[in-house]
Every structure is written in structure tokens, then in C-alpha cells.
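Please look over the protein shown below with its sequence and structure side by side. The report moves from the whole chain to particular contacts.

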Amino acid sequence: MARRRDQSLFQVTPEMYTQACYDSMHGFTGAHVRYIITKEGWDTLLEAEQMGVQIRDMHDEFKGAAFRDEKTKLMFAYDYENRHVLRIWGYNIKPKIYEEMKRLGVDVHNRMATTSLLTEGGKQGARVVGATAVDAHTGEFYVFRAKATVIATGGAGRLNLFAPEITASSSMSDMNSAGVGQAIGWNAGAEFVCMDQSGQNRLSGFGYAPYSMGGTSNTYHGTPIVDADGKEVPWIDVFGRQLQTVLQRFMPSEGQKFMLGIGIGITSYLREYNQNDLTRDLVERIRKGEFKLPLYADLTRLPETERRVIFNMMVGNEGKTRIPIYDTYTKAGFDPDKDMLQAPVMPPEGYTNSNYWSALSIHLPTSAATEADTY
């Protein structure tokens with residue numbers, strides 16, 4: 001099922017990656033933006049490395065691991081054959097960028113709530129020449145002049161969630177983002193794309209904290225899932241064939257081009273680009289009593305390097321998990337060499353998607369939940 005290609009004959013180029021995302025989403029994605037990000041991603045990482053961000057296994061912590069390139073010491077995720085998604089130590093990205101900006105003499109204004117973009121002649125759609133903002137601490141009003149302006153506020157993550165008692169829940173978006181970037185862009189006459197696309201919001205906050213519960217999605221990809229009696233849930237490839245080893249979970253099968261990976265902002269995958277996952281009939285097998293709830297992510301069944309790279313390296317470096325999950329769990333005594341992570345106890349349809357902490361499927365009608373995970 002899994003096999004090696006001659007790497008000199010097959011490489012994932014920015015064009016190939018962008019086309020795979022575009023085709024998988026049937027055109028409902030910003031392909032031009034994806035191409036720019038993919039094309040410039042490596043150069044950006046090299047700049048970050050010069051600033052002091054670790055992007056390689058310089059201390060040989062994972063020497064010999066299947067996901068590590070021994071020559072460059074780069075570490076990869078999801079597709080260990082085509083190797084186009086990198087694992088890096090990202091915990092210090094923000095302070096290192098800040099230090100570099102100060103070194104270059106960049107004038108930094110923090111904690112500003114942007115209220116508008118200024119355009120030539122005040123006309124909507126004209127060239128942007130500046131912006132206005134309010135200092136969230138002092139209330140002072142600022143007017144900025146600019147030759148070029150980039151909106152980099154990210155997605156709107158809290159349009160329907162302002163309850164302070166649950167703000168630490170499952171939202172993966174910036175807790176301060178209420179759509180300001182979209183609003184100022186719209187008012188200034190910016191062109192919007194994919195406005196005819198819609199989909200469920202599974203990261204709104206009504207779920208568990210990101211990666212706090214057992215699952216196999218994204219960061220935890222490849223992790224074994226067992227039931228209350230220790231019975232392991234089978235892994236299958238995209239053609240429904242059962243996988244026999246942990247390594248096969250990270251390898252494309254005959255008939256696939258490459259695996260795109262998870263957490264890249266697309267909601268559907270063509271089969272030739274999808275990743276391996278748990279058996280697709282898990283919901284029915286839970287209903288029949290073949291698997292007994294609760295389920296657990298059993299990191300102890302992984303090879304030692306896989307276990308360390310998932311929990312110690314990835315959970316220990318990602319922005320939403322370094323302190324709330326890694327630090328909290330470690331201080332409380334959690335040991336991935338000995339302990340398991342319990343998955344949420346949900347109705348059977350909740351296990352349609354292996355990203356259990358987001359409780360994706362229990363927010364959707366059964367038909368929609370099933371469709372969201374089709375190939």
C-alpha cells in the first residue's frame with residue numbers, strides 16, 4: 001500500500017500544492033494567496049532562522065526518525081515521503097520578530113484598535129494612504145500616513161462569542177478579533193473573494209480547549225485511539241484499506257499524488273490528496289457495541305520519537321497549546337510515556353471526525369457531518 005518514490009522524480013511545487021487545494025475545494029479558496037504563501041514560505045522560514053527561531057533539529061533530538069531529513073536536519077509532518085510540511089520550534093517567533101523590528105528601527109504601536117483606512121480624496125476604492133486607530137489603554141486617537149498598507153488581522157473569530165467565562169474554549173482564532181480587518185477593508189472598497197462560500201463554524205468556542213482532549217487530527221495525527229477496554233481503532237488509507245504500521249499512517253498509498261495535510265483551511269479533499277485516518281465506519285461500530293466509550297488517545301503505543309515530537313515538540317511549541325495544554329498538563333503530572341488522553345464522551349455521531357476536541361459533528365445534522373468528512 002505505501003511505497004517509496006524516487007525523490008528526484010517527484011517534488012511538491014507551489015504550483016502543485018496550490019492546484020491541489022483549489023481542486024479539492026472546487027474553486028472555493030483564494031488560490032492566488034495560497035500560491036504566494038507557499039512560494040515564499042521557505043524564504044520566510046530562513047529569515048526567521050536568522051532572527052533566532054529554530055527550524056531544524058540542531059541538537060539531534062530526533063536523529064534517525066522517519067520524519068527527519070538527516071542532511072538538512074529539517075523535520076516534516078503528515079507526508080513523510082513527499083516532505084512538504086515542516087515542523088519547527090515556534091514558541092519564540094513573536095519575541096524574535098519584535099527584537100528584529102526594534103533592531104531595524106521600526107516604529108511599533110501596540111494595543112491599537114484600528115477604526116478605518118484612509119483613502120485618497122476619501123473615496124471608496126481609491127488608493128489607501130493611511131489609517132486611523134484608538135489606543136485601547138489611553139483612548140487616544142491616532143492618524144497614520146502610509147505609502148502601503150497591509151491588513152493582517154486574520155479571520156473573524158468572535159462574532160458570536162463574547163461570554164468571558166468561556167473565552168478559553170475551543171476557538172482557534174484570535175480572541176481579540178471581531179472582524180475589524182474585514183470591516184475596514186470593506187468600507188475602504190477592498191475586493192473580497194469567496195463570498196459565495198459558506199460552512200460550519202466548528203471553532204467558535206463551544207467545545208474543549210484546542211488539543212486538550214484525545215484525538216488523531218492535526219497535531220495528534222498518527223496517534224492510536226483505543227476504547228475503554230484498550231481495543232485499538234483501525235487506521236485506513238484513503239481507499240479504505242487497513243494500515244498495519246504507524247509509519248504507514250504518514251505515507252501516501254498507490255494512486256495518491258501526495259497528502260496535503262491538516263489545518264490548512266480547506267474543508268474537503270480529493271482522494272489523491274487526502275490523509276490517512278481512522279476507519280470511516282467508527283460511528284456505526286460504536287453504536288453496535290464493538291467499541292466501548294470513552295475513547296482514548298494512547299500516545300504510549302507510538303514509537304518513542306513520534307510520541308516526543310507530537311507532545312513535547314509540537315504541543316510544547318504551538319501558540320494555543322504551549323501554556324494552556326503543555327505547561328498545565330505537565331505540571332499536573334501528565335506523562336505521555338505512561339498516560340493517555342481521554343476523548344470527549346459524545347453521541348456516536350460525534351466521532352465522525354477525529355478532531356474530537358472541537359466537537360465538530362455534534363453541531364451538525366448527521367448528513368452534513370458525514371459529508372464534511374467524505375473523500
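## Basis of the model

This is a predicted model, in which local features need pLDDT of at least 70 and side-chain atom pairs count only at pLDDT 80 or more, while totals for chains, interfaces and linings use all residues. Residues are numbered from 1 along each chain as its sequence is written, and side-chain values use heavy atoms, with hydrogens and water left out.

## Overall make-up

The protein contains 8 helices and 10 strands, taken as DSSP runs numbered from the N terminus (helices H or I, at least four residues; strands E, at least two). Of its 375 residues, 40% are buried, a term that stands for under 20% relative accessible area with a 1.4 Å probe, counting protein chains only.

The accessible surface is about 20100 Å², and carbon and sulfur atoms account for 53% of that area, as computed by the Shrake-Rupley method with a 1.4 Å probe. When contacts (heavy atoms within 4.5 Å) between residues at least 6 apart in sequence are considered, 61% of them join residues at least 24 apart.

## Nonpolar cores

A nonpolar core is a set of buried Ala, Val, Leu, Ile, Met, Phe, Trp, Tyr and Cys residues joined through side-chain atoms within 4.5 Å. The largest such core has 38 residues, and those with the most contacts inside it are Phe-62, Tyr-220, Leu-282, Leu-295 and Tyr-356. Helix H5 (282–287) and helix H6 (304–315) are the elements that give two or more residues to this core, with H6 supplying the largest share, 6 residues.

Leaving aside neighbours within four places in sequence, Tyr-220 is in contact with residues including Tyr-211, Met-213, Leu-299, Ile-310, Phe-311 and Leu-341. A second, separate core of 10 residues includes Ala-20, Cys-21, Ile-266 and Tyr-273.

Thr-18 lies in helix H1, which spans residues 14–24, and is buried, with a relative accessible area of 9%. Not counting residues up to four places away in sequence, Thr-18 touches Ala-31, Arg-34, Tyr-35 and Thr-38.

## The H6 and H7 pair

The axes of H6 and helix H7 (residues 322–331) come within 9 Å and cross at roughly 120 degrees, where axes are lines fitted to C-alpha atoms over the stretch in contact and angles run from 0 to 180 degrees between N-to-C directions. The two helices, H6 and H7, are therefore oblique to each other, the class left over when angles under 35 degrees count as roughly parallel, over 145 as roughly antiparallel and 65 to 115 as roughly perpendicular.

Phe-311, Asn-312 and Val-315 of H6 make the contact with Arg-322, Ile-325, Tyr-326, Tyr-329 and Thr-330 of H7.

Note on methods. Buried means under 20% relative accessible area, exposed over 50%, partly exposed in between (1.4 Å probe, protein chains only).
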